[in-house]
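This note concerns the ligand site and the pockets of one protein model. Please read the numbered points with the structure open.

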Amino acid sequence: MPAIYPDLRDKTVIVTGGASGIGAAIVEAFAAQGARVGVLDLDAEAGTALVDRLAGDGATAQFEPVDLRDIPALRAAIVAVRAALGPIGVLINNAARDDRHPTEEVEPDYFDERMATNFRHQFFASQAVLPDMVALGGGAVVSLSSIVPMVGMGGMPVYSAAKSAVVGLARSLARDYGRHNVRVNVIAPGWIMTERQKTLWLTPEADAMRAERQCLPRRLVPEDIARVAVFLASEDASGITGQTQVVDGGWL
Ligand SMILES: NC(=O)c1ccc[n+]([C@@H]2O[C@H](COP(=O)([O-])OP(=O)(O)OC[C@H]3O[C@@H](n4cnc5c(N)ncnc54)[C@H](O)[C@@H]3O)[C@@H](O)[C@H]2O)c1
């Protein structure tokens with residue numbers, strides 16, 4: 001039974017990339033806390049279906065279709081969530097895409113696109129909601145990194161660089177906004193079995209390697225990350241900021 005944090009009830013939460021995968025599990029976890037959840041994603045079909053299902057269960061959730069690489073559109077989506085659900089007290093910077101890209105094939109446009117998909121929106125989403133958090137007397141940002149840069153995994157150097165940048169941004173924002181009681185933390189997942197991972201990368205050989213590497217042999221699932229995100233956003237984590245929580249079953 002997941003923990004319930006009473007301070008999250010009626011809080012307005014934004015989850016980027018919340019239509020599927022880990023983001024959708026995070027959306028569901030906040031809805032279960034009684035929070036009001038704004039979901040930003042470019043997958044309109046999945047995002048609408050998720051929000052409709054949650055609304056059917058009595059939750060308050062709003063979907064904004066947006067490509068987060070488009071910063072004016074990202075800003076407009078946050079304005080729309082604020083108008084519908086109230087000032088934003090929690091931001092979960094989750095959206096990303098772990099496409100593989102050999103170093104020798106990366107051109108400047110592709111490099112910029114990778115950074116826009118995997119990092120840039122975290123800065124501008126944070127920038128857009130921080131005034132709300134300051135006015136509310138506090139808030140929490142939780143940003144998704146990865147253990148990829150920590151293990152030095154190859155095959156996706158710009159994704160890895162973007163995921164390192166997530167940590168630098170979070171530590172800097174934690175320093176600048178701590179005086180306003182705004183906490184900024186990072187989750188670094190190991191291998192989490194989303195539909196995308198299962199479809200693209202999960203082979204029997206890779207799964208055996210994963211089970212060998214992890215201390216806990218089981219496959220981690222999106223809910224393993226969602227529960228930590230909810231904890232870090234809650235007042236139970238009120239003394240934690242500027243930190244990276246690894247959730248990898250003991251891979252590192
Ligand atoms: N699954 C893993 O094993 C794993 C491991 C380490 C880190 N992570 C991180 O966890 C987070 C979630 O990953 P996931 O595995 O759930 O991914 P996913 O691909 O399953 O879901 C990502 C969601 O983000 C959305 N999205 C992607 N680009 C977007 C854009 N430009 N604009 C709007 N929405 C966009 C997608 O539509 C999708 O709904 C990411 O930050 C990822 O880097 C995941």
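1. Basis of the note. This is a predicted model, in which local features need pLDDT of at least 70 and side-chain atom pairs count only at pLDDT 80 or more, while totals for chains, interfaces and linings use all residues. Residues are numbered from 1 along each chain as its sequence is written, and side-chain values use heavy atoms, with hydrogens and water left out.

2. Surroundings of the ligand. The ligand is surrounded by 26 residues (a residue is near a molecule if one of its heavy atoms lies within 4 Å of it). The closest are Ser20, Ile22, Asp41, Asn94 and Tyr159. By class, this shell holds eleven nonpolar, nine polar and six charged residues. Here Ala, Val, Leu, Ile, Met, Phe, Trp, Tyr, Cys and Pro count as nonpolar, Asp, Glu, Lys and Arg as charged, and the others, Gly among them, as polar.

3. Atom pairs at the ligand. An N or O atom in the side chain of Asp41 is 2.6 Å from an oxygen atom of the ligand. The backbone also takes part: a polar backbone atom of Leu68 is 2.9 Å from a ligand nitrogen atom, and a backbone N or O atom of Ile192 lies 2.8 Å from a ligand oxygen atom. On its own the ligand has 830 Å² of accessible area, of which the protein covers 91% (areas by the Shrake-Rupley method with a 1.4 Å probe).

4. The largest pocket. The ligand takes up the space of the largest pocket (a pocket is an open set of points, on a 1 Å grid over the protein atoms alone, where a 1.4 Å probe fits, with protein on both sides within 12 Å along at least five of seven lines; lining residues have an atom within 4 Å of a point). Its volume is about 1,400 Å³. Of its 50 lining residues, Ala96, Arg97, Asp98, Arg196 and Gln197 are the closest to the centre. The lining divides into 23 nonpolar, twelve polar and 15 charged residues.

5. The second largest pocket. This pocket is lined by 14 residues, and the closest to its centre are Pro2, Ala29, Ala32, Gln33 and Arg227. Its lining comprises ten nonpolar, one polar and three charged residues. Both α1 and α9 supply at least two residues of this lining (helices are DSSP runs of H or I, at least four residues, numbered from the N terminus).

Terms used. Polar contact = N/O pair within 3.5 Å; in protein donor to acceptor, adjacent residues only side chain to side chain. Sits in = over half its atoms within 2 Å of the grid points. Points joined across faces, edges and corners; volume = space filled by probe spheres on them.
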